[in-house]
Amino acid sequence: MSAQRSEEDTVAFEVKDGIAWVSFNRPEKRNCMSPALNRQMMRVLDELEYRDDVGVLVLTGEGTSWSAGMDLQEYFRENEAKGLGATRQAQREAYGWWRRLRWYHKPTIAMVNGWCFGGGYGPLFACDLAFAAEEATFGLSEINWGILPGGGASKVAAELLSFRRAMYHAMMGENIDGKTAAEWGMVNEAIPLAGLKDRVTAVAKVLLEKNPVALKATKDAIRRVREMTYDNAEDYLIRAQEAANSFDGEGRKEGIKQFIDDKTYKPGLGAYNREKSQG
Ligand code: ACO
């Protein structure tokens with residue numbers, strides 16, 4: 001299968017036991033992001049975001065690649081030939097789903113199974129957590145074909161890496177493996193590929209036990225406060241918790257009750273039993 005893959009078929013997903021496994025699905029093109037894939041990914045994110053049977057979303061890739069970045073043919077060359085309007089539209093479609101993912105309602109995990117280049121850093125950063133195969137390969141290859149790391153990739157490198165590492169990574173066009181990506185802080189952990197899915201499943205299961213309103217408030221808080229002064233952050237966090245209370249007024253009270261009154265768990269050692277509070 002090649003360029004004939006239908007738009008709908010550029011993204012695959014299945015929902016199992018509360019986890020939505022979403023895959024870049026152009027393995028024959030190393031899952032590079034074409035405009036069709038970007039549009040379809042937005043549709044899939046739309047479909048899954050508020051489903052009751054989805055508690056965590058995992059983004060991975062079919063075949064040997066997570067994503068080989070933007071499609072140099074369909075995203076760059078073909079749109080450039082059509083003119084600025086087409087280029088801007090393609091940018092909106094790509095950036096749109098990454099932004100959507102950065103502020104997704106459910107917790108998100110990047111499961112980086114293979115190649116991860118350039119534009120792939122956008123969705124990588126958009127995911128709350130990231131786990132890579134030790135064998136995965138990360139690179140800002142833009143410099144190798146003559147552009148700067150755009151589409152947020154420079155921002156992602158500067159956010160996740162030290163200044164010196166970001167500079168080296170962006171200027172040299174040298175790749176790093178999953179282990180190094182973990183050492184550098186681009187991903188939470190690197191695991192041998194054979195054990196990657198099990199580890200991600202275990203992490204997702206822990207997230208599924210947490211209060212979902214608190215999780216959404218927490219992930220937004222960590223992203224937002226990065227750009228705030230301390231005082232602004234303090235204020236934002238008060239307002240964010242109060243807003244969360246209006247979505248889930250009883251959750252935290254139940255959490256305190258099960259610890260202080262019932263003595264059935266210790267918050268320092270795990271999550272309260274949400275089923276008890278719901279039932
Ligand atoms: N854009 C367009 N086509 C791509 C891309 C891409 N980013 N990546 C892979 N492909 C295509 C290849 O052209 C090839 O197509 P063909 O079968 O029709 O010839 C097919 O996918 C398979 O790719 P190979 O290169 O044969 O696969 P291999 O496993 O040997 O190498 C690798 C994988 C290293 C990922 C290589 O494909 C590559 O270097 N891709 C480009 C990576 C890159 O620099 N991406 C852009 C980053 S910059 C940005 O995103 C803004």
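Which backbone oxygen lies 2.7 Å from a polar atom of the side chain of Thr 10? That would be the one of Glu 7. Polar contact here means a pair of N or O atoms within 3.5 Å; within protein, one has to be able to donate a hydrogen and the other to accept it, and residues adjacent in sequence count only if both atoms are side-chain atoms.

Quick housekeeping before I go on. This is a predicted model, where local features need pLDDT of at least 70 and side-chain atom pairs count only at pLDDT 80 or more, while totals for chains, interfaces and linings use all residues. Residues are numbered from 1 along each chain as its sequence is written, and side-chain values use heavy atoms, with hydrogens and water left out.

Back to Thr 10. You'll find Thr 10 in the segment before strand E1, which is 11-16; helices (H or I, at least four residues) and strands (E, at least two) are DSSP runs, numbered from the N terminus. Thr 10 is buried, at 2% relative accessible area. Buried means under 20%, exposed over 50%, partly exposed in between, with a 1.4 Å probe and protein chains only. Beyond the neighbours within four places in sequence, Thr 10 is in contact (heavy atoms within 4.5 Å) with several residues, including Arg 5, Phe 24, Leu 37 and Gln 40.

Now compare a serine. Ser 246 sits in helix H11, residues 230-247, and Ser 246 is exposed, with a relative accessible area of 63%. The side chain of Ser 246 has a polar atom 2.6 Å from the backbone oxygen of Ala 243.

On to the ligand. There are 17 residues around the ligand, the closest being Lys 29, Ala 68, Met 70, Gly 119 and Ser 141; to be near, a residue needs a heavy atom within 4 Å. Ligand oxygens lie 2.7 Å from a side-chain N or O of Lys 29, 2.8 Å from one of Arg 30 and 2.5 Å from one of Ser 141. Alone, the ligand exposes 920 Å², and the protein buries 62% of that (Shrake-Rupley, 1.4 Å probe). Helix H2 (72-82), strand E6 (115-117) and helix H5 (142-145) each give at least two residues to the shell.

Last, cysteines. How many disulfides does the structure hold? The count is 0, taking a disulfide as two cysteine sulfurs within 2.5 Å. For Cys 32, the nearest cysteine sulfur is that of Cys 116, 13 Å away. For Cys 116, the nearest is that of Cys 127, at 10 Å. Cys 116 is buried, at 0% relative accessibility.
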